[in-house]
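Here are a few notes to read alongside the model. Take them one at a time, and keep the 3D view open as you go.

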Amino acid sequence: MRIRFTKMQGAGNDFVVLDETRGTLGLSAAQYRFLADRHFGVGADQILTVRPSPAEGVDFQYVIHNSDGGEVEQCGNGARCFMRFVSEHHLTEKKQVRVQTLSGVIEPRMGGDGRVTVDMGAPVFEPARVPFDPAGLDPQPEGAWHKWHLALGTRAGSAIVSVAVLSMGNPHAVQVVDNVDTAPVAEQGPQIEHHPRFPQRVNAGFMQVVDRSNIRLRVFERGAGETLACGTGACAAVVAGIRLGLLERRVDVQTHGGVLTIEWQGEGQPVLMTGPAVTVFEGDIEVPELP
Ligand SMILES: N[C@@H](CCC[C@H](N)C(=O)O)C(=O)O
């Protein structure tokens, strides 16, 4: 089967975007993995699919697959690219749309400067809704919140890491580190992702607080490995930093792929994420039959 695709990126987090507004392609998990493959396919951290509105009051459905082929609930950098895609492909004339995802409705809007702002909805902290299993663990009170101590194995033995746990529609475990350049992302990232406390796995964030309005962030993403930026990871880190009393309500997040601006006014309020969304190229690719 030959399919049309658009390659996009938001702060270096890269995507293959597929238009299914006129019919579904019916791709298998193995075919998503093929498209994401950087040697044999197009190459991407996630595959984003645009589908028609599934219900009254929303404009589109937004489907996300990680490069490992698994479908997931949310993708922040992808949401900005989604808005640019539906705009550039004249699938809507609106500057702001309501988009159904697996974890609820989000609202991206085009800015005059070419950047896109997304209302990502309110963060969720109840462990069961992350989902996170805290049975038998003592939360460590800190600031207006608490962190959880997770046991990990390391080359040198074992380590305890202290993480803030929350959902931005998808699950995140965020830790504060002294320096992201030397943080053990490659060693701890996969262990945190697969930690038994997270029944649906988790995205592992490593945040360096530069000052109260600036952080540096690296994220080892569930199902994709470390990416140049993670939009929901940036939202989760800023929310965690605000609740821990470390950050102001508007923060610039420096990632390896660019800067995202995150704003959160507090409990029950939505998180706003602003950043770039860029079309890289378009093309056609022959997708093999893969079960
Ligand atoms: N890159 C994303 C997040 C994509 C999904 C994530 N890996 C997960 O499995 O939850 C972003 O920009 O938010």
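1. Let's begin with a term we will need: a residue is called buried if 20 or more other C-beta atoms lie within 10 Å of its own. Please also keep in mind that this is a predicted model.

2. Now try the term out on Cys230. It has 34 other C-beta atoms within 10 Å, so Cys230 is buried. You will find Cys230 in the loop between β15 (225-227) and α4 (231-243). Beyond its neighbours within four places in sequence, Cys230 is in contact with Asn13, Asn203, Val219 and Glu221.

3. Is Cys75 buried or exposed? With 32 other C-beta atoms within 10 Å, Cys75 is buried. Look for Cys75 in the loop between β5 (71-72) and α2. Setting aside its neighbours within four places in sequence, Cys75 is in contact with Gln46, Ile64, Gly231 and Thr232.

4. Finally, step back to the whole chain. The protein chain is divided into domain 1 (2-120 + 277-286) and domain 2 (127-269), and the C-alpha centres of the two lie 24 Å apart. Where they touch, 21 residues of domain 1 are in contact with 19 residues of domain 2. On the domain 1 side, helix α2 (residues 76-88) gives the most, with three residues. That side of domain 1 divides into five nonpolar, 13 polar and three charged residues.

Key
Residues are numbered from 1 along each chain as its sequence is written. This is a predicted model: local features need pLDDT of at least 70, side-chain atom pairs count only at pLDDT 80 or more; totals for chains, interfaces and linings use all residues. Domain bounds come from an automatic or database domain assignment. Two residues are in contact if their C-beta atoms, placed from the backbone, lie within 7 Å. Helices (H or I, at least four residues) and strands (E, at least two) are DSSP runs, numbered from the N terminus. Ala, Val, Leu, Ile, Met, Phe, Trp, Tyr, Cys and Pro count as nonpolar, Asp, Glu, Lys and Arg as charged, and the others, Gly among them, as polar. A residue is buried if 20 or more other C-beta atoms lie within 10 Å of its own, exposed if 12 or fewer, and partly exposed in between; C-beta atoms are placed from the backbone.
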